[in-house]
There are 2 protein chains.
Amino acid sequence: MSDRDGDASAAGYLASKRVEILRSLEDIGRSRGDELEAVFPGGAGLMSRIVEYASRGKMLRGSLVHLGAALFGAPGAPGAAETAAAIELFQAGLLIHDDIMDRDDRRRGSPSVHASFVEEGRKAGAGDPRHFGESLATCAGDVCFFEALRALSAVATVLGPAASSLLALCGGELSVVGLAQMADCRFGDLPDEPSEEAIVAMYRGKTARYSFSLPLALGAALAGRDDVRAAIFAVGDLAGLAFQLRDDEIGIFGDPDDTGKISGSDIRENKKTVWRSRLLSRAGGQDKARLLSIYGNPSIGGPEIDLVRSLTSSLGVMAEITGWRNDLLIRAKALVSGLEACEERSRRTLVDLIDWLVSRTY
Amino acid sequence: MSDRDGDASAAGYLASKRVEILRSLEDIGRSRGDELEAVFPGGAGLMSRIVEYASRGKMLRGSLVHLGAALFGAPGAPGAAETAAAIELFQAGLLIHDDIMDRDDRRRGSPSVHASFVEEGRKAGAGDPRHFGESLATCAGDVCFFEALRALSAVATVLGPAASSLLALCGGELSVVGLAQMADCRFGDLPDEPSEEAIVAMYRGKTARYSFSLPLALGAALAGRDDVRAAIFAVGDLAGLAFQLRDDEIGIFGDPDDTGKISGSDIRENKKTVWRSRLLSRAGGQDKARLLSIYGNPSIGGPEIDLVRSLTSSLGVMAEITGWRNDLLIRAKALVSGLEACEERSRRTLVDLIDWLVSRTY
């Protein structure tokens, strides 16, 4: 799907933007940490904790803000650095809350924010260290959102009244993520089997619109191109769904050395993915019963995971979803090719990035 | 401290602004509910749930946005309605998260948001209905913040580049609330006794700056008066602390018929208030031991609450704190009188409002 040069270019773009965004976040951490500390003890510590947590990611969303601006003719647009930092702060807040909901005590090899507060509570003699830690982390996530709003304020200086549309877009799409996250909680905790349609709607809200379309559209808005918003959302819907189908595949087939997660993590956690949904609908009585006994069982080992893996092939699910994903990818790239008045190098980078994200192994 | 006319005027002002803000919130609930529902199922239901919850309050903060604009010569300033609605949405999000942290299953006579989601989880067969409900409510609180940001976007249209300062103020002060809320969680859950200084710093962050100064300063900013920000924060620091000391007094002496809470609720919950801190530091060995056995004991009754009440008098705490509060009130009103270039009727309303808030019984 993607050639080596493309991979290198996309990964290289992400890596260079990551450094830039990291620098913005560190500046925010220091200056806002000092300002908050002057008003309230603990402000500096909280800000550095937030920035450390935000720094663990690939910074895909922040990079897409920069790419959106460059694509529509305004590379390094004023306000892009602040918007990229803001979107990463929103993402940090969402992930801090997500970790609490999913009871994930680790995120990318280090303790999640609530886990480190649980530990603080344990040492300081909290009556219920888990509740204590989750409460403090809920606040820390909220502060991420508030600092993101503060960082976004720079956009008004740059765009004046036109900032209104950008801010409304950002708030509105974040609400969609909130709704999608609620759907995800329902899928995870309730016994009802969600329809494939409902799962895809959740993917669209949590991944496609928010992680692709929103940051690209924010970048375009900084370049004064609110007119391309619908076209960008059409690209994001296709590329984001392809990305998520790949993500699910990694959750089944991913190598722990690449992913940093245990083998078959999505199977153990009984994640209500499209893969699981198709497997269950294609499997006959005996296979179905075995799948239902494997999914959501945290004590399964290699043989059970291998069985699920082999069923994706024998039941045709692998072929179906790979075909679907390739189709989405082709359509997404065709839409990118059709975007009008784009800077050609950035268009190439976006195509490479989509290829890379949909074929990555971690 | 306040005459009947003053009370009537302050309460009347709040009541009339409350109707106005409620209308804005209902408009937002309908229009955003429709827009979100078109993108994600459940959007309309969530928005109406949020608006119902936000509507339960006095809408003090939103009213102070309006009063701040009027005070500095721009009553009904463009953007005031959206800013007032935004601040009430932020408040709703903070309270939804607060209810989870405090494990308050009711808020003003109705189930809190997480409690109603816990009930949904119980009916739908969630494995852990409490965790399920708290997770969904965390998301609902987040959506409040995102919709508040969206509502605030209108300010950029009105103020252009000057909106930047207003947005930065709003985000920055909300972060202070987040920090203060974290301090409050530590006071509540850890065995360490907080110093009076630490308690007052928490009051300043959670009440004075956020509930008084911020909304007034937002209103002033809408009137183009960023120059009065420091003066407003000086008023808020004094009036907000006086307000909180009164709030604590209501937590000890409040009549359940007025407050809607059980008698002596702060005593049962072992709230680390300035009152409790002073009582413990003034009490001799035997009284101190009795206070420590009463505070935080949920099964105490009238005699124990009466003992705490009588100790506030006999140990001189009532006289001390009443004196302190009166001093704060006098200084706050003197600062309001000294604010330059104010509209006189609004100045009167602000003085009345401070009097009313500091002498209210609920």
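**Entry 1: a pair within one helix.** I noted that A:E134 and A:R130 both lie in helix α6 of chain A, 4 residues apart, about one turn of the helix. The model is a predicted one. I recorded A:E134 as buried because its relative accessibility is 10%. I recorded A:R130 as partly exposed because its value is 30%.

**Entry 2: a pair between helices.** I then turned to the salt bridge of A:E196 with A:R278, whose closest N and O atoms are 2.7 Å apart. This pair links distant parts of the chain, 82 residues apart: A:E196 is in helix α9 of chain A, and A:R278 in helix α13 (residues 274–282) of chain A. I found A:E196 partly exposed, at 23% relative accessible area, and A:R278 buried, at 13%.

**Entry 3: further charged residues.** I found a salt bridge between A:K271 and A:D266, with 3.8 Å between the closest N and O atoms. I also noted a network of salt bridges that links A:R32, A:E35, A:E147 and A:R150. Over all chains, my search of the whole structure gave 60 salt bridges.

**Entry 4: chain A against chain B.** I looked up the contact and found 67 residues from chain A and 67 residues from chain B. In chain A, the residues that lose the most area to chain B are A:F40, A:F146 and A:L179, together 13% of what that side buries. I counted 4 salt bridges between the two chains; B:R186 forms one with A:E120, at 2.7 Å between the closest N and O atoms.

Technical notes
Residues numbered from 1 in each chain as written. Chains lettered and ligands numbered in written order. Predicted model: local features only at pLDDT ≥ 70, side-chain atom pairs only at ≥ 80, totals over all residues. Heavy atoms only, no water. Contact = heavy atoms within 4.5 Å. Buried area = accessible area lost by both parts, 1.4 Å probe. Salt bridge = Lys/Arg side-chain N within 4 Å of Asp/Glu carboxyl O. Helix = DSSP H or I, 4+ residues; strand = E, 2+ residues; numbered from the N terminus. Buried < 20%, exposed > 50% of the residue type's maximum accessible area, 1.4 Å probe, protein only.
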